[in-house]
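Here is a walk through a two-chain model, written to be read with the structure open beside you. Have a look first, then follow along.

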Amino acid sequence: MHDRQNRDRWIRVLALAGLAALALASLAVGAANVSLSDPQAWLFLTVSRIPRTLAAMLAGAALAVAGVVMQQIARNRFVEPSTTGAPESAALGLIAVTLIAPEAPIWVKMLVASVTALMGVTLFLQVIRRLPPKEVFLVPLAGLILAGILGAAVTWIGWETDLLQYLSIWLLTGEFSGVIAGRYELLWIAGIAAVIAWFAADRFSILGLGVESATALGLRPQAVMRLGLVVVAVVTAMVVSSVGMIPFVGLVVPNIVSRMMGDNLRRTLAPTAMGGAMLVLGSDLVGRLVIHPYEIPAGTVLGVVGAALFLILLWRRPRRAR
Amino acid sequence: MSGTGGIDVRGVTHRIHGTTILQPIDLSLPSGKVTALIGPNGAGKSTLIRLIARIDPLQTGEVTVNGLDVRQTPSARLALEMAFMGQHSGLVSRLRVRELVAFGRWPHCHGRPGPKDRAAVEKALADFDLLPLADRFMDELSGGQAQRAHLAMTVVQETPWLLLDEPLNNLDLAHARALMAHLARLRDEGRSVLIVLHDLNFASGWADHVVAMKDGRILAEGVPAEVLTEPRLSELYDTPITVGSYQGRPLILHHL
Amino acid sequence: MRDRKTLIRLGLLVLAVGVAAALWMFQGLGAGRRDFVLALRWEKLIALVLIGASVAVATVLFQTVSRNRILTPSIMGFDALYLLIQTLAVAMLGVTGFAMLPGGPKFLIETALMTALALALFGTLLGRGAGSAEDIARTILTGVVLGILFRAGASLIGRLLDPNAYATVQAVSFANFGRPNAALVGWGAALALPAMGLALWMGPRLDVLGLGRERAVSLGLRYRVVMTGALALTAVLVAVSTALVGPVAFLGLIVAGLTHGLFPAARHRLRLVTAALIACLLLVLGQWLFERFLGRQAVLSVVIEFAGGILFLALLLKGRIR
């Protein structure tokens, strides 16, 4: 037991150290060189570099947490927000607001995006409930197809209404280069949603044991599920509307953490959040460095890295331990 | 709590997709006893125990557990009254044995375990022979070991009633016997058990009260010697069954 | 083949395609510039027929190779692979002036690359996942994720090549049946027609292949050769259709489903021909309807994607993953 606690502590310490190192690197790297003697430097840091670093960390952490929550709700390891149609639904909401009430204040847009994202994940749950039971790989497959159908619908509307440009920002990029102070703060809401998930960590763990066990322990599974869906929807909507969807973070990070530490969310949620922050921050850094002074969006980097990791997880995991 | 200890089932029926699973059922289970629920496949045993445990919602009728109406009482309150273990654990989460068992304390501590909760978990681990496995992940265990972990999680809930749906699945003879002995000990401490059993000799050996179900009705109930008789069992299972006697208890044979 | 009902249906199908083609060519032909309009229509008709037949034959071949009725090459990421290769070819051969090559030779080189890669990748994948339903679901999921990986890879390489370009529009846009790549029609036909001929010639062998590996081997079929051949033909045909109009994910699924519904238990020769006819009918009639009456050139592919996506989801929900 003490070995385990030691190991957990080391994982935490290493994750924190790694995150700190990445954050420092993120503050130091960019198209412009910053030297601290320059009076302009502080302004530059506070307006651009710090917000960018925070945005990447918040988005990554929140997406990873949303991924775990989604996995507990669906009781399937291979789902995450972007395999449920939630981002496409959020984009649908955003497009609807843009068309119907372009002057609406930002909080209305966010509310609508969150509500439509919620409808999207709920639809996903309804669909997978009808799948033959015990088909582990059918669940993410159905989710991806559903996301494809919704995505086609959104794209078509965007195309017909000349809003395709916005859509490609929401659904495809996962880009942090546009982040400056005043343009990323919505991600704090995603962060808050992730913190709420942490407070309900035990409830989500118990939900992951199955509706039957959860009921027997006196939990109201439906209520926990609703809370989880709201967390997933809010995180997705905030990320989609502020930096664009970042795929696979919510899938890859929880799976890796689960292998190292298990699924007791009270213990694993913090490392999962840190892992997500590291992955997105790292991808953003890579994107900034490879063709310096140009940039590649973090979402594009993660599309490749994340899909590759997903494939490895898909084929490596022993069949027994699903 | 109202006076009547025990479980009362009044006029409970159940239908799924137009098929009747349970005819109107009236049943009173006394507390302080081990009650075995027996019957052929499809008799409705699992449905009944799941309805009592409020796992599936009641369609008609009424169930009370220690005087608490299952339909009305908050689920969290009922979790202090009865613990349930179903047949299909189908665990997806990757948990260590100790973590799984500790979740059985949720109704008491709601995620903030105190010394009493920790002690209860360690005792349950010891009772079910799980201490050497406590830090292993569930997906590394054999079927029987996993079954014991789920049992420990149910028992650690420390409820007056234990509802167990075929808990002997996957258990070898020694662990099955140990489980029944453990349940008998709990009974001697004043707790009550409702257990779905397929092995009639376990019912004969350990139960104080036997309820026999067939086709969604209760065919017979009473002490083992009354229910576990040749004519009753042959009718129950539609197959000739021989009943002998061993140390004053019925011994059920079916190969003759 | 000999049975009357089949012959009648086949006759009706041929007639319907003929009528559709005639409608396409001669309906609403104005008084002036007849030759010009006819030539234009003829060119498009040839392209549509070529695309439809390629998709249909590729799908039938692939379903036989994978012994699965809900798989299509596009679902398994074939067309995404072609998009990736297009980008890769420019990236790697860019220095030698590859991008400057005329369309035809470039197309041939890309198709050759595509065939080699598809054989390596999907040959292995399909060789592995042959067993239980779970394996099949995992294989499909792998294909879908491979598709995502290829698309992300193409967009990443696109960014590396030209940091200023926004590769997003290409990634979201639909196939446009109204504007096929006319320059490649000749080259496409030069590749697709022999490939279809070969497929027809292989018909009886494909029938045996469809019995499964054990039966096929014990009947003396050179299993690996036939399977590799069929997969190679699939790759070539997908390359042709993708080069001409872009990705068409679910057309093949609809066509294969209709073929199976109208001609159950057909041998491969008949099945290939009928599938091709059905695809042509669908495309020509659909394009005629949308282009001349609804005034929307690009909508046909959206409708097909929608219907196909929903059909696929419905098949999944019914648990028909074989």
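In chain B, strand 1 (residues 7-16) and strand 4 (residues 62-65) pair in the antiparallel sense over four bridges. Strands here are DSSP runs (E, at least two residues) and helices are too (H or I, at least four residues), both numbered from the N terminus. Two strands pair if DSSP finds at least two bridges between them. Before going further, note that this is a predicted model: local features need pLDDT of at least 70, side-chain atom pairs count only at pLDDT 80 or more, and totals for chains, interfaces and linings use all residues. Residues are numbered from 1 along each chain as its sequence is written, while chains are lettered from A and ligands numbered from 1 in the order in which they are written.

Back to the strands: R10(B) has E62(B), in strand 4 of chain B, as its bridge partner. Strand 4 of chain B also pairs with strand 5 (residues 68-69) of chain B, again in the antiparallel sense, over two bridges. There, V65(B) stands opposite L68(B). The hairpin made by strands 4 and 5 of chain B has two residues between the strands, and N66(B) takes a positive phi near 50 degrees in it.

Helix 1 (residues 45-52) of chain B is mostly covered, with seven of its eight residues buried. Buried means that 20 or more other C-beta atoms lie within 10 Å of the residue's own; 12 or fewer makes it exposed, anything in between partly exposed, and C-beta atoms are placed from the backbone. Among the buried residues of this helix are K45(B) and R50(B), along with L48(B), I49(B), L51(B) and I52(B). Just after helix 1 of chain B, R54(B) takes a positive phi of about 50 degrees.

## Domains, chain by chain

Both chains come with domain bounds from an automatic or database domain assignment.

| Chain and domains | Distance between C-alpha centres |
|---|---|
| Chain A: domain 1 (82-243) and domain 2 (246-314) | 18 Å |
| Chain B: domain 1 (1-81 + 159-224) and domain 2 (92-158) | 23 Å |

In chain B, 13 residues of domain 1 and eleven residues of domain 2 make up the contact. Contact here means that the C-beta atoms of two residues, placed from the backbone, lie within 7 Å. On the domain 1 side, helix 7 (residues 173-188) of chain B gives the largest share, three residues. That side has seven nonpolar, five polar and one charged residues. For these classes, Ala, Val, Leu, Ile, Met, Phe, Trp, Tyr, Cys and Pro count as nonpolar, Asp, Glu, Lys and Arg as charged, and the others, Gly among them, as polar.

In chain A, 16 residues of domain 1 are in contact with 14 residues of domain 2. Helix 6 (164-173), helix 7 (186-199) and helix 8 (201-208) of chain A each give two or more residues to the domain 1 side.

## Inside chain A

How far apart are the ends of helix 11 (residues 249-261) of chain A? Its end C-alpha atoms are 18 Å apart, which agrees with the 18 Å that its 13 residues should span at 1.5 Å a residue. That expected span is 1.5 Å times one less than the number of residues. Its buried residues include V249(A), P254(A), N255(A) and S258(A), and what covers the buried residues includes helix 2 (39-74), helix 12 (265-289) and helix 13 (298-316) of chain A. Just after helix 11 of chain A, G262(A) takes a positive phi of about 90 degrees.

A273(A) lies in helix 12 of chain A. It counts as buried because it has 28 C-beta neighbours inside 10 Å. Not counting residues up to four places away in sequence, A273(A) touches A61(A), A64(A), V65(A) and A194(A). A273(A) and L63(A) are 210 residues apart in sequence, yet 8.1 Å apart in space, C-alpha to C-alpha.

## Where the chains meet

The contact between the chains takes 25 residues from chain B and 23 residues from chain A. On the chain B side, helix 2 (75-78) of chain B supplies the largest share, three residues. The chain B side divides into 14 nonpolar, five polar and six charged residues.
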